[in-house]
Every structure is written in structure tokens, then in C-alpha cells.
Amino acid sequence: MIVRIMGEGQVKLDDAHFAELNKLDDELLAEMESGDEEGFRRTLGALLDAVRRLGAPLPDDALEPSALILPSPDASLDEVREMLSDDGLIPG
């Protein structure tokens, strides 16, 4: 699956890693719902770091359709809230 981190680029990520990412996504959703800004920042960073660590970066000139778009590391709580679906940032 191709994942885009806004402002950074795209990575190709194997579907086998989505269980780990969904756990972080669930934590992020809970922190957003409780208004825990510090926890939100920490977990968003951990989620994006996991995508970078587990995925293979695509070349900058690659224009593949992204199946998943994640916020930039400096996105605000309100900006991320607008990107959420019922499942969080990551479906499943």
C-alpha cells in the first residue's frame, strides 16, 4: 500500500504492518477525544516514525496514488481531527 505523509512524500508499506499502525492510531484517536495535546503529539510522532521505519520511500518524482494520507508531524489537533474517519486515520 502507498502511504503519503503530507509535506514529506510517499512510502510503500506492506499490509502486514497495519496491526502495529492501527494500535498507534487507536491511541491517537483516544488522545484526541480526551484533548490530551501532549499525548497526541507523542503518538502522532510515533505513528509517522513507524511508517517511515517500516516503509520503503518512493522516489520524489514518483506519482503513485496514495491509499492512505497521514498528516504532517506539525499538524494541529484540529487539522488531524478534520482528516479522521470513524476508524481514525488508518482504516481497519
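**Pocket lining and salt bridges**

Tutor: Start with the pocket. Strand β2 gives the most to the lining of the largest pocket, with 3 residues. Keep in mind that this is a predicted model.

Student: Which strands each supply at least two residues of that lining?

Tutor: β1 (2–5) and β2 (9–12).

Student: How much space lies in the largest pocket?

Tutor: About 170 Å³.

Student: And how many residues line the largest pocket, and which lie nearest its centre?

Tutor: The lining has 13 residues. Nearest the centre are E8, G9, Q10, L58 and D60.

Student: What's the lining like by class?

Tutor: It has 7 nonpolar, 2 polar and 4 charged residues.

Student: OK, switching to charges. How many salt bridges are there?

Tutor: The count comes to 6. In general, side chains of opposite charge can pair when their charged atoms come close.

Student: What does E20 pair with?

Tutor: R53, with 2.9 Å from N to O. That pair links distant parts of the chain: E20 sits in helix α1 (residues 18–34) and R53 in helix α2 (residues 37–54), 33 residues apart.

Student: Are those two buried or exposed?

Tutor: E20 is partly exposed, because its relative accessibility is 35%. R53 is at 55%, so it counts as exposed.

Student: Which residue does E31 meet in a salt bridge?

Tutor: R42, at 3.7 Å, N to O. This pair also links distant parts of the chain, with E31 in helix α1 and R42 in helix α2, 11 residues apart.

Student: Why does E31 count as buried?

Tutor: Because its relative accessibility is 11%, and buried means under 20%.

Student: What about E37, who's its partner?

Tutor: R41. The side chains of E37 and R41 meet in a salt bridge at 3.6 Å, N to O.

Student: Where do E37 and R41 sit relative to each other?

Tutor: Both are in helix α2. They are 4 residues apart, so about one helical turn separates them.

Student: And how accessible are E37 and R41?

Tutor: E37 has 39% relative accessibility, so it counts as partly exposed. R41 is at 31%, so R41 counts as partly exposed too.

Student: Last one. Which residues are linked in a network of salt bridges?

Tutor: E8, D49 and R52.

Notes
Residues numbered from 1 in each chain as written. Predicted model: local features only at pLDDT ≥ 70, side-chain atom pairs only at ≥ 80, totals over all residues. Heavy atoms only, no water. Salt bridge = Lys/Arg side-chain N within 4 Å of Asp/Glu carboxyl O. Buried < 20%, exposed > 50% of the residue type's maximum accessible area, 1.4 Å probe, protein only. 1 Å grid on protein atoms, 1.4 Å probe; cavity = no way out; pocket = protein on both sides within 12 Å on 5 of 7 lines; lining within 4 Å. Points joined across faces, edges and corners; volume = space filled by probe spheres on them. Nonpolar A, V, L, I, M, F, W, Y, C, P; charged D, E, K, R; others polar.
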